[in-house]
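This report looks at side-chain links between separate parts of a chain.

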Amino acid sequence: TCVVLAAILLVLQLSSSLWTAQRHLVPKIAEIIPTNVSQLNTVQGNGAVNSIDKDLSTLSKTESVNNANWLRVELGTVQYVYKILIYAQFFIDWLTNDGCAHNVSSWEECVNKTSGVNVSVYQGDTPQKSCGILQLDKDKISQEENIFTFICRVEGDNVLLSKDRNRIVIAEIVIQGKGR
C-alpha cells in the first residue's frame, strides 16, 4: 500500500507540474488597441471612430457603394488576433426616426440588410482568415443580446468587416489577442 500511495502521489505531482508548464504556454490575451479605423463612407455621425470609442450608445454606419462596403480596424503592427467581439445594437426603440423600424416587416427587412457581414483578419491587403459572418438575430433586439464573438487565432495587422451590398452598422468592436 505504501508503494501504491507513493506511485499515486508521484503521478499527481507530475500532472500538476505538466499543467503548470502548459499553462505558461498559453498566451495572455488582452485588448489590442487600434491605431486607426476607417470605413467606405459615413452615413451619419462620426463614422468609423464610433466603432472603437468604447461608447455603446454611438454607432458606426456605412452604406455600400458599387456593390462594396467595408470597415477596417488597423492594429499598427502584426498582432496575434485571438478573438473579435462585436456589439451590434439594433433598434432597442422600435420607433426610430430613420424609417427602419416603424413596423415589424420593415424592421425585419432592416435586420436582413444589416446582416451577412464577413469578419476577417488581414496582413496588409492579404486575407489571413475569415473568422465568421456577423448574422443579426431578428428575435433579439436589446444591446445585451447582440454581442457576437469570433474566434480567429491568426496573426494580422488589421481587421476588415465587409459585405457586397446594404449596410454595416456596429456599436463597438473589441479585438483581443497578444502582440508580438
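A disulfide is a pair of cysteine sulfur atoms within 2.5 Å. The model here is a predicted one. A search of the whole structure turns up 1 disulfide. Cys131 and Cys152 form it, with sulfur atoms 2.2 Å apart. The torsion about their S-S bond is about 130 degrees, so the disulfide is right-handed. Cys131 sits in strand β6 (residues 126-134) and Cys152 in strand β7 (residues 147-163); the pair links distant parts of the chain, 21 residues apart. Cys131 counts as buried at 12% relative accessibility. Cys152 is buried too, at 0%.

Next come the charged pairs. Side chains of opposite charge can pair when their charged atoms come close. The whole structure holds 2 salt bridges.

| Salt bridge | Closest N and O atoms |
|---|---|
| Glu31 and Lys54 | 2.6 Å |
| Glu63 and Arg167 | 3.2 Å |

Glu31 is partly exposed at 34% relative accessibility. Lys54 is exposed, at 57%.

The Glu63 and Arg167 salt bridge also links distant parts of the chain: Glu63 is in strand β3 and Arg167 in strand β8 (residues 167-170), 104 residues apart. Glu63 counts as partly exposed, with 26% relative accessibility. Arg167 is buried, its relative accessible area being 14%.

Conventions. Residues are numbered from 1 along each chain as its sequence is written. This is a predicted model: local features need pLDDT of at least 70, side-chain atom pairs count only at pLDDT 80 or more; totals for chains, interfaces and linings use all residues. Side-chain values use heavy atoms; hydrogens and water are left out. A salt bridge is a side-chain nitrogen of Lys or Arg within 4 Å of a carboxyl oxygen of Asp or Glu. Buried means under 20% relative accessible area, exposed over 50%, partly exposed in between (1.4 Å probe, protein chains only). Helices (H or I, at least four residues) and strands (E, at least two) are DSSP runs, numbered from the N terminus.
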